[in-house]
Amino acid sequence: MNIIKPALKLIIPALLLTFTASCSKAACPPARDVLKRLIGSRADTIEIKMIDKVNDCDIYRYEVKDGKLKLTGSSPVALCRGFYDYLKSNELGMVSWSGNRIAIPPQWPDASAKEVISPYKHHYYFNVVTYGYTTAYWDWPRWQRELDWMAVHGIDMPLALAANEAIAIRVWKQLGLTDPQIEKFYVGPAHLPWQRMGCIINHDGPLPQQFNDDQVILQHKILDRMRQLGMKPVVPAFAGFVPKAITRLYPEVKLHEAGWGGWGKDHHAFLLLPDGPLFNQIGKMFIEEWEKEFGKCDYYLADSFNEMEIPAPKDDKQKRYEILTSFGKAVYDSIKAGNPDATWVMQGWMFGYQRYIWDAPSLAALISKVPDDKMLLLDLAVDYNSQFWHNGFNWDFYEGFFGKPWVYSVIPNMGGKTAFTGQLDFYAKGGTPALDSPNKGRLEGFGMAPEGIENNEVLYELIADMGWTDKAANLDLWLENYCSNRYGSYPKEIKTAWQLLRKSCFGSFTDHPRFNWQFRPGRSQRGSVNFNADFLKAVESFAACADQFKNNPLYQQDLLEFTAFYLGEKIQQQIQLANKALMYDDTATADAAIADIMEMFDTMDRLLESHQNYRLQNWIDFARGHGDSQQLKDYYEHNARRLVTVWGPPVDDYSARIWSGLIRDYYKPRWQAYFKSLKTAKPFDFGTWEENWVKSTGLSEIKPFANPVKAALDALAKATKLKTTQQSLPAGQLIGQWSPADISTDWQKLQWKIPASDLNKIRGIIFQYRKGAHRLDVNEVTVIGDGKTMAVDQHLGFAGIPSQNNFYKLHAPVDARANNECIIEATVRGNGGNDSFGQVLLIKKQ
């Protein structure tokens with residue numbers, strides 16, 4: 001591929017429409033256009049009028065008398081939000097990623113006058129990495145649907161990061177960098193968010209110029225629509241990361257070599273230190289080039305230290321504060337040089353995630369030279385502070401963010417993972433913990449920064465609602481309204497389902513919810529999804545309404561999702577059962593469990609073929625849609641496949657999607673290979689298999705169920721009858737342990753005594769790893785009774801992460817006897833060292 005060429009210069013200038021130009025006091029065509037796309041010509045019957053903001057905050061009002069709907073608002077987004085409020089308050093429907101339910105009668109139902117003034121100036125949306133995990137390959141029709149979704153959900157400050165590279169490459173070329181030097185700086189399209197933040201470079205590229213040209217055209221459409229809707233897009237600025245080859249042109253500059261996530265040096269980014277004029281020059285050039293292409297913007301995002309070490313001595317705090325002060329000044333000054341009216345926006349993930357680095361004086365230093373009204377801090381992950389890190393709210397720790405305006409934000413998703421999680425009771429509080437705090441400072445916004453979307457829809461609906469109130473929600477009433485809008489009613493079975501869900505996945509906060517089968521086999525016996533018995537009962541209760549909602553598309557979509565996750569939990573349990581059975585040499589139980597696993601994988605996959613969002617084919621189609629040649633189409637597909645599976649490696653299996661296509665072609669074959677490997681004692685090269693899958697194209701054919709609802713009900717009925725590990729297999733009896741004091745890297749014999757009376761009861765021995773840097777290798781295990789060998793199993797196994805072939809079958813002859821003592825003797829060694837701890841379990845016959 002010819003990757004980097006001079007960027008395409010668009011002839012058509014940017015259309016700089018704003019809502020003040022496109023909306024008048026009498027009408028607002030952009031808002032009406034959103035409603036037309038939602039409800040068709042009925043939007044023409046709404047009387048729409050623009051009004052002024054209140055204290056710089058949006059306001060909307062609606063009233064219906066005699067079937068005439070009057071809607072007023074202070075912006076196109078406020079108008080759209082006002083209409084959606086009317087829709088939901090009267091249980092007339094819902095707008096969601098998995099489909100809309102619109103149930104408007106021939107005449108607008110009367111409604112008394114309602115006025116809502118948002119307590120926030122800004123309603124923020126997106127995470128930098130959403131542009132990898134979700135929007136990386138979106139086309140304009142998909143973007144238009146999302147912008148409509150934002151408008152009705154009241155979002156007016158989205159990130160708009162497309163075409164960053166197209167503009168930056170123009171700057172690098174103006175500075176004199178060559179195509180090969182620039183090429184090494186970039187990554188594949190789906191990985192661009194991490195390149196932008198200085199996490200990685202030179203991965204899964206080179207970045208096609210065709211993609212950059214594509215993004216410029218797309219970004220024009222995105223920004224034009226955002227401006228028409230009165231949104232305040234946050235666009236990219238220069239954060240300091242540069243191609244290493246910049247030193248060829250400017251040998252006097254100093255670069256700091258960054259590092260992230262265990263990546264090798266070939267993938268390390270370089271941060272330009274701010275002690276010379278080049279930082280300001282590049283930042284100014286970027287802003288000027290951006291605004292030449294897209295017009296003037298007000299908010300510019302720059303993150304120099306997201307999950308990064310500060311380029312300062314760790315033992316010299318004063319020096320650190322000085323460097324941070326100069327960095328903050330350099331970033332802002334470079335933005336100001338390009339646009340004196342611009343505001344610098346910065347993510348605050350590291351404020352909670354890296355408290356060990358970011359003490360209060362460090363943040364104070366970084367922002368000290370930035371005018372208060374020219375900065376906006378995104379307190380990105382309040383839910384993590386409260387529910388996961390338990391380290392206190394950032395607005396308290398940083399004393400109201402030292403007078404800078406800030407946005408209260410949560411991160412309801414990591415990596416686009418599909419499994420349910422989210423403490424609903426916490427999210428129902430909205431921004432009240434901050435609004436009621438004496439340290440709220442200049443709290444000006446509310447929002448959410450999911451890493452991936454099109455999942456966990458109840459969370460996003462709740463969080464969006466909380467952006468327009470200063471009160472906590474009554475969650476019981478809110479859920480009743482949610483279900484009534486989504487399904488048309490709220491029967492007792494669904495109410496019971498939600499009560500149970502709030503005791504499991506939606507009553508807890510899981511950082512990275514993944515099933516064990518979403519990890520490479522052998523890496524994790526247990527997943528992290530909180531799908532307990534209450535969750536299983538919740539799904540069963542939800543499914544009991546299938547006949548009542550047989551004509552309701554959103555209920556059917558949710559039933560498929562719930563059922564797939566129910567099966568996912570059952571697969572997790574059956575994997576545990578199969579692994580334990582194989583360790584105990586119980587092939588009948590193992591074979592039955594493995595057969596159940598594979599059948600449930602197939603059922604999950606076929607069910608999700610009928611789901612709006614949970615299909616790998618959607619992801620692939622978006623990626624291939626950007627290519628203008630077979631070569632580019634294949635490349636984009638490979639890059640898209642990589643992100644949702646191996647990611648790098650490293651960062652394997654991070655994204656953890658539960659999608660049709662991914663289940664049948666990726667997860668299922670991996671587990672088939674794993675179980676075959678355990679049975680045959682022949683190792684399987686997972687890394688090579690995964691890389692080959694990433695670099696393949698197309699999916700195996702699958703036929704969706706003709707009646708997916710019936711298939712879901714049948715699958716649930718069958719899955720409830722599956723045996724679990726606890727029902728089928730005995731626990732082991734502890735007979736001994738090993739530690740670093742017991743082993744070395746040389747083969748040696750360890751012995752443990754057991755009662756002589758147990759000789760004929762022995763089924764086998766399991767070596768169970770507990771902790772340490774090294775696994776325990778086992779070559780042979782022998783049973784010795786009164787000095788004589790009674791049984792022996794010789795094969796190479798190991799106990800570690802993962803463990804493999806670590807069960808040793810020991811069947812003494814029926815007439816074997818030991819009068820004095822019985823000993824278990826094992827030939828073992830530490831693999832690569834002796835830092836290993838574990839225990840030895842005796843498995844008896846049943």
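Me: Where does Phe 402 lie?

Reply: In this predicted model, Phe 402 is placed in the loop between α16 and β16. Its backbone deserves attention: phi of Phe 402 is near 55°, a positive value in a residue other than glycine.

Me: Is Phe 402 buried or exposed, or does it count as partly exposed?

Reply: The class follows from the relative accessible area, where buried means under 20% and exposed means over 50%. Phe 402 has a relative accessibility of 25%, so it counts as partly exposed.

Me: Which phi does Ala 163 have, and where is Ala 163 found?

Reply: Ala 163 is not a glycine, yet its phi is positive, about 75°. The residue is found in the loop between β8 (157-158) and α6. With a relative accessible area of 2%, Ala 163 is buried.

Me: How are two packed helices described?

Reply: The description consists of the angle between the two axes and the distance between them. Here, helix α6 (residues 164-175) packs with helix α11 (residues 278-294) at an angle of about 125°, and the axes are 9 Å apart. That angle makes α6 oblique to α11, because angles over 145 degrees would count as roughly antiparallel and those from 65 to 115 as roughly perpendicular. The crossing of α6 past α11 is right-handed.

Me: Which residues of α6 and α11 meet?

Reply: From α6, the residues are Asn 164, Ile 167, Ala 168, Arg 170, Val 171, Trp 172, Gln 174 and Leu 175. They meet Gln 281, Ile 282, Met 285, Phe 286, Glu 289, Trp 290, Glu 293 and Phe 294 of α11.

Me: How many residues of helix α19 are buried?

Reply: Helix α19 (residues 457-466) is mostly covered, with ten of its ten residues buried. Among them are the charged residues Glu 457, Glu 461 and Asp 465, as well as Val 458, Leu 459 and Tyr 460.

Me: How many aromatic pairs does the structure hold, and how is one of them read?

Reply: There are 80 aromatic pairs in the structure. For Trp 498 and Phe 506, the ring centres are 5.5 Å apart and the planes stand at 35°, so this pair is tilted. A pair counts as stacked with planes under 30 degrees apart, and as edge-to-face over 60. Trp 498 is buried, at a relative accessible area of 4%; Phe 506 is also buried, at 1% relative accessibility.

Me: Which peptide bonds are cis, and what is omega in each?

Reply: Pro 206 has its place in the loop between α8 (192-196) and α9 (209-228). Another cis peptide bond joins Gly 648 and Pro 649, where omega is about -5°. Pro 649 lies in the loop between α26 (630-643) and α27 (662-680).

How values were computed:
Residues are numbered from 1 along each chain as its sequence is written. This is a predicted model: local features need pLDDT of at least 70, side-chain atom pairs count only at pLDDT 80 or more; totals for chains, interfaces and linings use all residues. Side-chain values use heavy atoms; hydrogens and water are left out. Axes are lines fitted to C-alpha atoms, for helices over the stretch in contact, and angles run from 0 to 180 degrees between N-to-C directions. Helices (H or I, at least four residues) and strands (E, at least two) are DSSP runs, numbered from the N terminus. Angles under 35 degrees count as roughly parallel, over 145 as roughly antiparallel, 65 to 115 as roughly perpendicular and the rest as oblique. A crossing is left-handed if the near helix is turned anticlockwise from the far one by less than a right angle, and right-handed if clockwise. Contact means heavy atoms within 4.5 Å. Rings of Phe, Tyr and Trp (its six-membered ring) pair if their centres lie within 6.5 Å; planes under 30 degrees apart count as stacked, over 60 as edge-to-face and the rest as tilted. Buried means under 20% relative accessible area, exposed over 50%, partly exposed in between (1.4 Å probe, protein chains only).
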